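Welcome, and thanks for taking a look at this structure.

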Amino acid sequence: MSGRNKSVAEERVTSVLEAGEVPVYERPLTADEEVLAALGYKPEFKREFSLWTSFCVSFAVLGLLPSFASTLYYGMGYAGTPGMTWGWLIAMVFIQCVAMSMAELCSSMPTSGGLYYAAAVLAPLGWGPLAAWVTGWSNWLCQITAAPSVDYGMASMMLATASIRDPSYVPQNYQVFLLTALIMVAQSCISSMPTKWIAQFNSVGSTMNIIILVIVIIIIPAATTREDQGLPRFSPSSVVWGNFYTGTDYPNGLALLLTFVAVVWTMSGYDAPFHLSEECSNANIASPRAIVLTSGVGGLMGWFLQMVVAYTVVDIEAALDSELGQPYAAYLLQVLPQKTTVAILALTIVCAFSMGQGCMVAASRVTFAYSRDECFGPLSPITKQVNRHTGTPVNAVWFNTIIGILMTFLIFGGPLAAGALFSIGALAGFVAFTIPIFIRVFFVGDRFRPGPWNLGRASIPIGTAACAFVILMVPILMLPSVTGSDLE
């Protein structure tokens, strides 16, 4: 415990409060609580997350294997294997820049609503409310679409597995919807538990995610049936890196950029430690480290997975147009025996459940933070409540669940309508991630006070690269995959 209350100027934070103000509480504060108090917030959570468990939640939210399975249509369908190799590699360099810039903000402002708080504090005089409004609602939209899109992909995989076992079975939209809703309810129950239990659950889930991912990366090339089909075990590198699949009406270069939507969506979970920072010990160091660790480890392991699939896929068009309705499942059937395919799908489904649950946790903390600042109007007093039994924002969890289930009615609009969940989430997340970074790089000057984890002299160049990438990607993410007479 601290022996005295520190002024805002004594903490390494960038705050809405004036430097000379001294937050006063009726009890002594820990070092983490003093940092939060200097940001203008009352400590309300138990700090039972660590660097490892924060990383576990964010890696679970990342969910490399289920994310890859859900977005294979975009990564492989727009440009073929070059989109999976070159596309992932190029996009990851810039996504790492975004993650490092975000981590620097997190160290200076470790609060659950960090992104929109940062935008409000750093924006030029008079622009704070607008910057916070755009950032906040973009981030909330990203968070609120995460679990429904993950669980939709998971439900599709489960029913595709049933189709493999029984070829006469054809999944119906209402079955996908009901299964998605059931999964969301189960995940919401887990997300309503005490913080310590959630941390332990996600620690186990993330460990399983990593182990299963490594197993899949090894099994696919080891057990592939390509040679039984008269093909070499692996496709030639010249084909994998250079033969574009014509999946859009655009030139190859633009088609390659379109594949970035798969990378952007897959790698959109590294902000979770920011939203959990009020529940993390040593938050202004552990939380930014967890952000960078998630992005770095996820980017590298994700590229390995992309390479394995790119070198073994037999027929891209057949995988995309399969009656299974799940390109990932169709791809596995192309290159593996049926029993092995079913086993890998089962492992992917386990990872997907952990991922969706991690998304639920992160989204609930964002909703709580916005409710605390009265962003939801008359609903704010309800959604900002911390349950006295669990010490977690249970009302925020179930508020998000109801909205998520309503969103999944898009399933009845067909694959393109359901796919909007991916594009909306990726676009909104990118906007939210980058607005405070953009303001930090181009408008702040000396008003930004770096926290104990910072980029030093590299801060501005890395932030500039992050902003340039997002400015390029926002219009790209809004382009349709077809043009001209093919539009309906």
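A cavity here is a set of grid points where a 1.4 Å probe fits but cannot get out, and its lining residues are those with an atom within 4 Å of a point. Please keep in mind that this is a predicted model. The briefing begins with the chain as a whole, then turns to its cavities and to one pair of helices.

**The chain overall**

- The secondary structure comes to 20 helices and 0 strands.
- Along the principal axes, the C-alpha atoms fill a box of roughly 75 × 45 × 40 Å.
- A compact globule of 488 residues would have a radius of gyration near 23 Å, and the chain agrees with that, at 22 Å.

**Cavities**

- Rolling a probe the size of a water molecule over the atoms shows where empty space is left.
- Searching the whole structure turns up 8 cavities of 30 Å³ or more.
- The largest cavity has a volume of about 170 Å³.
- Its lining is made up of 16 residues, and those nearest the centre of the largest cavity are Val61, Cys142, Ala146, Ser268 and Cys359.
- Two or more lining residues come from each of helix H2 (51-62), helix H6 (128-165), helix H11 (260-266), helix H16 (338-372) and helix H19 (415-442).
- H6 gives the most to this lining, with 4 residues.
- Sorted by class, the lining of the largest cavity has 10 nonpolar, 5 polar and 1 charged residues.

**Where H16 meets H18**

- Two packed helices are described by the angle between their axes and the distance between the axes.
- For H16 and helix H18 (residues 394-407), the axes come within 8 Å and cross at roughly 110°.
- Angles of 65 to 115 degrees count as roughly perpendicular, so H16 is roughly perpendicular to H18.
- On the H16 side, the contact is made by Met360, Ala363, Ser364, Thr367 and Phe368.
- H18 contributes Ala396, Val397, Phe399, Asn400 and Thr401 to the contact.
- By class, the contact of H16 with H18 has 6 nonpolar and 4 polar residues, with no charged ones.

Definitions and conventions. Residues numbered from 1 in each chain as written. Predicted model: local features only at pLDDT ≥ 70, side-chain atom pairs only at ≥ 80, totals over all residues. Heavy atoms only, no water. 1 Å grid on protein atoms, 1.4 Å probe; cavity = no way out; pocket = protein on both sides within 12 Å on 5 of 7 lines; lining within 4 Å. Points joined across faces, edges and corners; volume = space filled by probe spheres on them. Nonpolar A, V, L, I, M, F, W, Y, C, P; charged D, E, K, R; others polar. Axes fitted to C-alpha atoms, helices over the stretch in contact; angles between N-to-C directions. Parallel < 35°, antiparallel > 145°, perpendicular 65-115°, else oblique. Contact = heavy atoms within 4.5 Å. Rg over C-alpha atoms; globule rule 2.2 N^0.38 Å.
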